[in-house]
Amino acid sequence: MSGQWGSPAPYGQQPWQPAPTPQSAMRAAHSDRERTVDVLKAAYAEGRLSAAEYEHRMSSAHQAATYGQLASLVADLPAGPMVQPFGAAVPMVPPTFLPPAFPPPPRPNNGLATASAILGGLTLFTGGLTGLPAVITGHIARGQIRRTREAGDGLAVFGLILGWLSMAGWALFSLLFLLAASGH
């Protein structure tokens, strides 16, 4: 227990030194030292450290080789961007702010919407004969999609557009045929 608050520190050990953990001996990286330096800078700017103490801890941070050495330099300061050792308690994030564990399953496409899109696409190859079925299935599919919240509205609209264009083409063709036949 020596070296913790409330007990005398052995010679050469700072009174703010944390209790050793298995990770204290792990080698520190440059980024770990930089995070420690950031905590020290913030503490100095807030008036928590004197200039002499700040300089001493900064030089020690740049020479530190392990997590334990870095942790001992900031143990008596408020938690900042310093990474906690593996054995330390981690504050819990409320589940509201966590991403969902699994993404929600995709909504299935409405079958009639798919049929409307296929029939609408076939109007190009059938001379427009599948236009009326494409329009009928498209309107029914859009009604079902509003009620059931299924996916496929874009498919239904695609089938409706091609179906209506096909029907308009047939109507125009019929009108031109009737005009040509009556003008005879």
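Modeller: This is a predicted model. The elements covering the buried residues of H6 include helix H4 (111-122) and H5.

Biologist: Which residues of H6 are buried?
Modeller: They are Ala 156, Gly 159, Leu 160, Leu 162, Gly 163 and Ser 166.

Biologist: How far apart are the end C-alpha atoms of H6, and what should the helix span?
Modeller: The end C-alpha atoms are 43 Å apart. With 30 residues at 1.5 Å a residue, H6 should span 44 Å, so the two values agree.

Biologist: Is Arg 149 buried or exposed?
Modeller: Arg 149 counts as exposed because its relative accessibility is 63%, and the cut-off for exposed is over 50%.

Biologist: Changing topic. How many aromatic pairs are there in the whole structure?
Modeller: A search of the whole structure finds two. In one of them, Tyr 44 and Tyr 54 are stacked, at 4.4 Å centre to centre with 15° between the planes.

Biologist: Which parts does that pair tie together?
Modeller: Tyr 44 is in helix H1 (residues 30-45) and Tyr 54 is in helix H2 (residues 51-63), so the pair ties together parts that are 10 residues apart in sequence. Tyr 44 is partly exposed, at 38% relative accessibility, while Tyr 54 is buried, at 13%.

Biologist: And Trp 170 with Phe 173, what kind of pair is that?
Modeller: That aromatic pair is edge-to-face, with 5.7 Å centre to centre and 90° between the planes. Trp 170 and Phe 173 are three residues apart in helix H6, so about one helical turn separates them. Trp 170 is partly exposed, at 37% relative accessibility.

Biologist: What about the largest nonpolar core, how many residues has it got?
Modeller: The largest nonpolar core has 14 residues, and Leu 40, Leu 49, Ala 61 and Leu 77 have the most contacts inside it. H1, H2 and helix H3 (67-74) are the elements giving two or more residues to this core. H1 gives the most, with four residues.

Biologist: What does Leu 40 touch?
Modeller: Leaving out residues up to four places away in sequence, Leu 40 touches Leu 49, Tyr 54, Arg 57, Met 58, Ala 61, Leu 73, Val 74 and Leu 77.

Definitions and conventions
Residues numbered from 1 in each chain as written. Predicted model: local features only at pLDDT ≥ 70, side-chain atom pairs only at ≥ 80, totals over all residues. Heavy atoms only, no water. Buried < 20%, exposed > 50% of the residue type's maximum accessible area, 1.4 Å probe, protein only. Phe/Tyr/Trp six-rings, centres within 6.5 Å; stacked < 30°, edge-to-face > 60°. Expected span 1.5 Å × (residues − 1). Contact = heavy atoms within 4.5 Å. Core = buried A, V, L, I, M, F, W, Y, C linked by side-chain atoms within 4.5 Å.
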